[in-house]
Amino acid sequence: NHTLLTGFVLSALSSRPDLQQLLFFTICLVYSMTVIGNLLICMVTVHPALHMPMYFFLRVLSLLDISTATVVVPKMLVNLLSEDRSISYLGCVTQLYCVVFLAATEWYLLAAMAYDRYVAVCSPLRYSAIMSSRACLSLVLLSCCSGQVVSVVQTAWVFTLSLCGPRRINYFFCDIPPLITLSCTDTSLYERQLISATVLVIFTPFCLILLSYTCIISSILKISSAESRHKTFSTCSSHLTVVTLYCASGTLIYLQPKSGNSHDAKKILALIYTTVIPTLNPLIYSLRNKEVKEVLIRVM
C-alpha cells in the first residue's frame, strides 16, 4: 500500500535565503583549503627526507580526506544556490556507500598509524624491520578492505528497508541516520545493528589506539631527558588530536541513529566531520611537525 521512493530531496544547511550565498562562499573557501592543504601534504610527504612509514600513512590519510570532502561538498554547494535539491536513488546509494567506506577506512588507518607510533617509540631498533614497505602497504590495504566490507553491509541493509516517504531528507547528504527515518517499517533491529557496527568501526580501533598510546606514554616516561621526552611526544600529539576530533563527532552522529529531536545538531556534527576536520588535518600535522614544516618551506 506504499509508494516506493525513486529519488530524494536533500535539505539545505539553512532555510534562510539571506544566508545561502554566505554559506556557499564560506564552504567553498573551506573546501578549497581542504583540497589545497591535503594536496600539499601529499606532495611534501613524497620528498626523500620524509620517506618514512608515518608520512606514507599521512599521505593516504590526506587522500581519504580529499575524497570525503569531494563526495559531500560539491552537491551541498549546488543545493545552496539551486531550488532543485533532488538526488536520484542511485546517486543516494552511491553517496552513502562512499561516505561509509571512506569513514570506516579512515578509522582503521588511524589505528594503523597508532601502531606505527607504538613500534617507533617502544621498539626503535626493530622499527625498520617491522614497518617495512610491504607491511605498511598491507595495513593500508587491510584498512580499505575492512572499510569496503562495512560499507557494503551498511548500504545494502539501509536500502533493503522500505523507504516509502516522505521524499525529503532532513540532511545535506545521504547518510544512515536521516535515511532510516524515512522507513515505514520497524527499524529497531537495524538501529541495534547500526550501534553494533559503530562500536566495531569506531570503538575497536579507538581501543587499539588507546592501548598503543598507553604503551607509548609508559615508554616516554622512562626517558631521562626532558627534551627527548618532549620530542617523542610531539610526534604523537598530532595523531591524538585527529583521533579525538573524529571520535567525538562520529560517536555523537551514529550512536543515536533515529533521535528525531537532534537533526540540527547532527547536521552541524556531520558538517564538522565531512568538511572542517579534513581541512584541519593538514594544519595539525604541518604546524606540529618540524620535519614537515622544513620540507614544506623547501618545496614552496
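The model is predicted. It holds one disulfide. A search of the whole structure also finds one salt bridge. Helix α2 packs against helix α5, and its axis also comes within 10 Å of that of α3. Helix α1 crosses helix α10.

**The disulfide**

- C92 and C174 form the disulfide, with their sulfur atoms 2.0 Å apart.
- The torsion about the S-S bond of C92 and C174 is about -120°, so this disulfide is left-handed.
- C92 sits in helix α3, residues 89–122, while C174 sits in the loop between β3 (168–169) and α6 (176–180). The bond therefore ties together parts that are 82 residues apart in sequence.
- Both cysteines, C92 and C174, are buried.

- A disulfide needs the two sulfur atoms within 2.5 Å.
- C122 is partly exposed, at a relative accessible area of 25%.
- C215 is partly exposed as well, at 30%.

**The salt bridge**

- The side chains of R117 and D116 meet in a salt bridge, at 3.1 Å from N to O.
- R117 counts as buried, with 7% relative accessibility.
- D116 also counts as buried, with 1% relative accessibility.

**Helix α2 and its partners**

- Helix α2 spans residues 53–81 and helix α5 spans residues 133–158. They pack at an angle of about 25°, with axes 10 Å apart.
- Angles under 35 degrees count as roughly parallel, and α2 and α5 are therefore roughly parallel to each other.
- The crossing of α2 past α5 is right-handed.
- On the α2 side, P53, F56, F57 and V60 make the contact; on the α5 side, they meet C136, L137, L139 and V140.
- How are α2 and α3 oriented to each other? Their axes come within 10 Å and cross at roughly 160°. Angles over 145 degrees count as roughly antiparallel, and α2 and α3 are therefore roughly antiparallel.
- The crossing of α2 and α3 is left-handed.

**Helix α1 against helix α10**

- Helix α1 covers residues 17–44, and helix α10 covers residues 290–299. Their axes come within 10 Å and cross at roughly 95°.
- That angle makes α1 roughly perpendicular to α10.
- L40, I41 and V44 of α1 make the contact with V292, V295 and L296 of α10.

**I169 in strand β3**

- I169 lies in strand β3. It counts as buried, at 0% relative accessibility.
- Which residues does I169 contact, leaving aside neighbours within four places in sequence? They are F8, V9, L10, S11, C92, C174, P178, L179 and L182. C92 and C174, among these contacts, are the two cysteines of the disulfide.
- I169 and V35 are 134 residues apart along the chain, and their C-alpha atoms are separated by 27 Å.

**K75 in helix α2**

- K75 lies in helix α2. K75 is partly exposed, with a relative accessible area of 23%.
- Not counting residues up to four places away in sequence, K75 touches L10, S86, I87 and Q95. L10 is also among the contacts of I169.
- K75 and S86 are eleven residues apart in sequence. From C-alpha to C-alpha, they are 10.0 Å apart in space.

**I195 in helix α7**

- I195 lies in helix α7, which runs over residues 188–221.
- Is I195 buried or partly exposed? It counts as partly exposed, at 33% relative accessibility.
- I195 and T251 are 56 residues apart along the chain, with their C-alpha atoms separated by 9.6 Å.

Notes. Residues are numbered from 1 along each chain as its sequence is written. This is a predicted model: local features need pLDDT of at least 70, side-chain atom pairs count only at pLDDT 80 or more; totals for chains, interfaces and linings use all residues. Side-chain values use heavy atoms; hydrogens and water are left out. Helices (H or I, at least four residues) and strands (E, at least two) are DSSP runs, numbered from the N terminus. Buried means under 20% relative accessible area, exposed over 50%, partly exposed in between (1.4 Å probe, protein chains only). A salt bridge is a side-chain nitrogen of Lys or Arg within 4 Å of a carboxyl oxygen of Asp or Glu. Axes are lines fitted to C-alpha atoms, for helices over the stretch in contact, and angles run from 0 to 180 degrees between N-to-C directions. Angles under 35 degrees count as roughly parallel, over 145 as roughly antiparallel, 65 to 115 as roughly perpendicular and the rest as oblique. A crossing is left-handed if the near helix is turned anticlockwise from the far one by less than a right angle, and right-handed if clockwise. Contact means heavy atoms within 4.5 Å.
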